[in-house]
Amino acid sequence: MKILVLNGSPKGEKSDTLHITRAFLEGMRDAAPQEVHIIHVIDRQIEYCSGCFSCMRNGGNCIHEDDMKAILEEILESELLLFSFPLYCYGMPAPLKALLDRTLPLSSMAMRKVGDRYEHLDQADFSHLKYLMICGCGFPNSRQNFEPAIMQFKLCFPCEHTILTVPESPMFNAPEAAVVTGPRLALVRRAGRQYAETGEIDAALLSEISSPIIPEEQYAAIVNGGV
Ligand SMILES: Cc1cc2nc3c(=O)[nH]c(=O)nc-3n(C[C@H](O)[C@H](O)[C@H](O)COP(=O)(O)O)c2cc1C
């Protein structure tokens with residue numbers, strides 16, 4: 001499978017979340033060979049969308065001449081678009097949001113009603129694409145934390161989306177925590193294998209992956225310097 005990873009962490013290669021993403025990709029490779037390209041979004045020149053809508057009227061040409069043209073081409077050539085990012089203020093970090101806004105040329109101005117919501121008609125054919133979100137965060141709780149990012153992802157990519165959330169993710173960059181992060185990464189790897197084999201991840205496994213790695217009170221105490 002041709003996989004394009006958009007690493008939205010401003011920390012680039014040092015991202016906590018990227019540990020989770022790499023484990024997932026290893027799991028996918030356990031099932032079959034995969035063609036993976038990782039883009040560290042922070043290293044690319046991506047102007048903010050100007051909101052002029054000219055791209056939606058003129059066949060997808062944006063007024064900005066930057067790295068986004070090549071990224072859009074790469075998105076269209078991929079089979080799986082993997083958004084890997086840390087939760088920032090209950091959403092995605094600004095550089096990745098700038099990239100998401102700049103995918104506007106893939107849609108046209110025309111809109112249609114789907115159920116009780118509206119969406120734009122496509123200007124390019126990306127019906128072959130599947131979407132995966134892998135999101136780490138600093139708090140131990142998944143509820144009252146990940147919901148806005150999950151909702152945004154589902155609305156942007158209503159079909160073929162899969163979402164993996166992992167709390168307490170700074171622990172993945174702490175070698176002394178390997179005794180507890182290792183088993184969690186093994187679960188994520190299993191999820192990657194399952195996803196490559198079946199196109200889905202079972203709900204029990206997803207729920208285990210999104211539970212705190214260590215008890216939340218203990219985690220909070222460590223972060224607060226108490227233990
Ligand atoms: C600006 C900023 C906003 C953040 N907002 C949240 C948040 O809303 N919820 C949360 O649980 N963690 C939040 N965090 C913590 C990060 O998600 C956490 O440190 C994560 O492990 C960083 O992952 P990365 O190394 O992949 O960038 C925030 C961190 C920063 C720097």
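Let's start in the loop between strand 6 and helix 5, where you will find Q144. Q144 is exposed, with 8 other C-beta atoms within 10 Å, and its phi is near 60°, a positive value in a residue other than glycine. Please keep in mind that this is a predicted model.

**Backbone angles to look at**

- As background, most residues other than glycine have a negative phi.
- E168 sits in the loop between strand 7 and helix 6.
- Is E168 buried or exposed? E168 is buried, because 28 other C-beta atoms lie within 10 Å and the cut-off for a buried residue is 20 or more.

- Five strands form an open sheet in the order 2-1-3-6-7, and their pairing is parallel.
- Strand 2 (35–40) and strand 7 (161–166) stand at the edges; each has a single partner strand, so one side of each is left without a neighbour in the sheet.
- On average, neighbouring strands of this sheet are turned by 15° against each other, direction ignored.
- Strand 1 (residues 2–7) pairs with strand 2 in the parallel sense, over six bridges.
- If you want to find this pairing in the viewer, look for L6, whose bridge partner in strand 2 is I39.
- Helix 5 (residues 147–156) packs on the sheet, where it touches strand 6 (130–136) and strand 7. The direction of helix 5 makes about 165° with that of strand 7.

- Helix 1 (residues 16–31) is mostly covered, as twelve of its 16 residues are buried.
- Among the buried residues of helix 1 are D16, H19 and R22, along with L18, I20, F24 and L25.
- What do the buried residues of helix 1 pack against? Their partners are strand 1, strand 2, strand 3, strand 6, strand 7 and helix 6 (178–198).
- A23 belongs to helix 1 and counts as buried, with 23 C-beta neighbours inside 10 Å.
- Leaving aside neighbours within four places in sequence, A23 is in contact with L185, V188, R189 and G192.
- A23 and V188 are 165 residues apart along the chain, yet their C-alpha atoms are separated by 6.1 Å.

**Helix 4 and its cover**

- In helix 4 (residues 94–101), the buried residues are P95, L96 and L99.
- They cover an arc of only 95° around the axis, which puts them on the same side of helix 4.
- The cover over these buried residues includes strand 1, helix 3 (68–77) and strand 3 (80–86).
- I46 lies in the loop between strand 2 and helix 2 (54–57), and it is partly exposed, with 18 other C-beta atoms within 10 Å.
- Beyond four places in sequence, the contacts of I46 include P95, A98, L99 and R102, as well as D66, D67 and M68.
- The C-alpha atoms of I46 and H64 are separated by 8.7 Å, and the two residues are 18 residues apart along the chain.

**Around the ligand**

- Which residues come nearest to the ligand? Of the 17 residues around the ligand, these are S9, P86, C137, G138 and F139.
- The shell around the ligand divides into eight nonpolar, seven polar and two charged residues.

**A loop residue with contacts elsewhere in the chain**

- S210 is in the loop between helix 7 (203–209) and helix 8 (216–223).
- With 17 C-beta neighbours inside 10 Å, S210 counts as partly exposed.
- Not counting residues up to four places away in sequence, S210 touches S142, T165, V166 and P167.
- S210 and Y195 are 15 residues apart in sequence and 16 Å apart in space, C-alpha to C-alpha.

Notes: Residues numbered from 1 in each chain as written. Predicted model: local features only at pLDDT ≥ 70, side-chain atom pairs only at ≥ 80, totals over all residues. Near = placed C-beta within 6 Å. Nonpolar A, V, L, I, M, F, W, Y, C, P; charged D, E, K, R; others polar. Pairing = 2+ DSSP bridges. Helix = DSSP H or I, 4+ residues; strand = E, 2+ residues; numbered from the N terminus. Axes fitted to C-alpha atoms, helices over the stretch in contact; angles between N-to-C directions. Contact = placed C-beta atoms within 7 Å. Arc of directions from axis to C-beta.
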